[in-house]
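Me: I would like a close look at a single part of this model, followed by its surroundings. Please take the structure below and answer at some length.

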2 protein chains.
Amino acid sequence: MKKKLSLEETGSFARENLKDILALGFDERNLEVIVDTKDITQLYPIALKVAKHLTASTVKATFGFEDSDNVGLFFFTSIQSAPAFIESVRKGRHVFCLIPCAIDQDPHFRLTRDVAPKLGFPKPALIHSKFFPSLLGEGKMSSSAEGSCIFLNDDEEIAKQKIFDAVTGGGGTLKEHREKGGKPEVCSVFKYYEYFFEEGDEKLREIYELCKSGELICGDCKRMLAERVARFLREHKKRREKVNVEKFLTQG
Amino acid sequence: MKKKLSLEETGSFARENLKDILALGFDERNLEVIVDTKDITQLYPIALKVAKHLTASTVKATFGFEDSDNVGLFFFTSIQSAPAFIESVRKGRHVFCLIPCAIDQDPHFRLTRDVAPKLGFPKPALIHSKFFPSLLGEGKMSSSAEGSCIFLNDDEEIAKQKIFDAVTGGGGTLKEHREKGGKPEVCSVFKYYEYFFEEGDEKLREIYELCKSGELICGDCKRMLAERVARFLREHKKRREKVNVEKFLTQG
């Protein structure tokens, strides 16, 4: 056979992602992990009910699908919707659902909200998280754009190199930077402090001002971030080795 | 909640149908029952691979779907295809599959055959069964056309009445029938003998000739069939009470 299909293969990304989630500190007692392929027994009956209320026309208009796209794409929103209703199905009463996601997943759940009342379920609510900034400048990171982000399993040296290669808001030359100051508001390194690596608002403000005044130069700023990232990666790696994902990935 | 979704509800038709199948004498040792909703864990990963090779355009052309049809219909062939490949996936080698079905299910498996080589599976082969004849005359029975068929759980008296109300190939009057004979070739009662209730070719030929000559009249012919049907239903009911379907319907 040319290809061998197995659940294990399908589940490997899920497993690695879950390790990271647990290592980041999600409380296992309050956590249930739903994997489409493993928990499909619970999702599929709900997905079928959703599918009956979604026309091809609707998903085409929503996602820009064409007739040349595959039927898996057409159906996918039905599966994506199911977790929003699963607790209502289990409990046999209205259980409200809050979905944290980035805005690119929003269209699926807009459709979910449209279908919910037709099935007698409460509409799920959404909270949109920001996109992860790219180290290469404007826009969001992309796992396929090398250097645009640091992976949780990146080697410390690789992470450091990515930070040193990052696009900043610094002046064209050291002289220019000292004279005119940097632009932290467009700097990907500053965004990393802002989003992840400087929790204190006062200290963040300080970094901003020191850059703005030209006192803090990009090399030092990057070195400081690289140290924090390296420490985080080391600790994350340790926590990651201790987590037990298997209990979350056993059959529904 | 307006509707309560449960696997039990979904499974009740499957359960009743399976009771009939087992009561009809399928050898339990060689039988595996796949129920879409219960065995979806095995079917879904295969269905996803199939779906990637089926475009909306293809299923529209095959089944006449429109954009106003729901996405469940668009996706369904993917699920329908999965059992054709399941044994190859399990064994990790080519396992050939023969699908007995009526011709209305044929289009699904035509598409399955198109996709098979793309996934490295052998094409399934089909064997088309005849449609069940209608007691109301031409065409096939339909569970929604009352009187067109006898259900396996019909009361004997109801079955008898359906047979007596059946459209036959008999003459307009008894006199005409005696003189000109009947037309067994267009008679739904004769079809019941032919398909189900007279195994002997010689005896079937005899019924045919006796009708053709006008010697056998519809009333007697129907009475004879009704007795055979009643006996079958009685015995089927007994066998049905003895079968154990649960072991076939437990989680994949």
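Which residues in α4(B) meet which residues in α5(B)?

Reply: The model is a predicted one, and the description that follows should be read with that in mind. On the α4(B) side, the residues in contact are B:Phe76, B:Thr77, B:Gln80, B:Ser81, B:Ala84 and B:Phe85, and they meet B:His108, B:Phe109, B:Leu111, B:Thr112, B:Ala116 and B:Leu119 of α5(B). Sorted by class, the residues of this contact comprise seven nonpolar and five polar ones, with no charged residue taking part.

Two packed helices are described by the angle between their axes and the distance between the axes. For α4(B) and α5(B) the angle is about 65 degrees, the axes lie 9 Å apart, and the crossing is right-handed.

Eleven residue pairs in polar contact are found across the interface of chain B and chain A, with both residues at pLDDT 80 or more.

Charged pairs complete the picture. The rule finds two salt bridges across the interface of chain B and chain A, and the side chains of A:Asp67 and B:Lys60 meet in a salt bridge with an N to O distance of 2.8 Å. Over all chains, the structure holds 38 salt bridges; among them is the pair of A:Glu28 and A:Lys247, whose closest N and O atoms are 2.9 Å apart. This pair links distant parts of the chain, since A:Glu28 lies in the loop between α1 (7-23) and α2 (40-51) of chain A and A:Lys247 in helix α11 (residues 246-249) of chain A, 219 residues apart.

Terms used:
Residues numbered from 1 in each chain as written. Chains lettered and ligands numbered in written order. Predicted model: local features only at pLDDT ≥ 70, side-chain atom pairs only at ≥ 80, totals over all residues. Heavy atoms only, no water. Salt bridge = Lys/Arg side-chain N within 4 Å of Asp/Glu carboxyl O. Polar contact = N/O pair within 3.5 Å; in protein donor to acceptor, adjacent residues only side chain to side chain. Axes fitted to C-alpha atoms, helices over the stretch in contact; angles between N-to-C directions. Helix = DSSP H or I, 4+ residues; strand = E, 2+ residues; numbered from the N terminus. Left-handed = near helix turned anticlockwise from the far one by under 90°. Contact = heavy atoms within 4.5 Å. Nonpolar A, V, L, I, M, F, W, Y, C, P; charged D, E, K, R; others polar.
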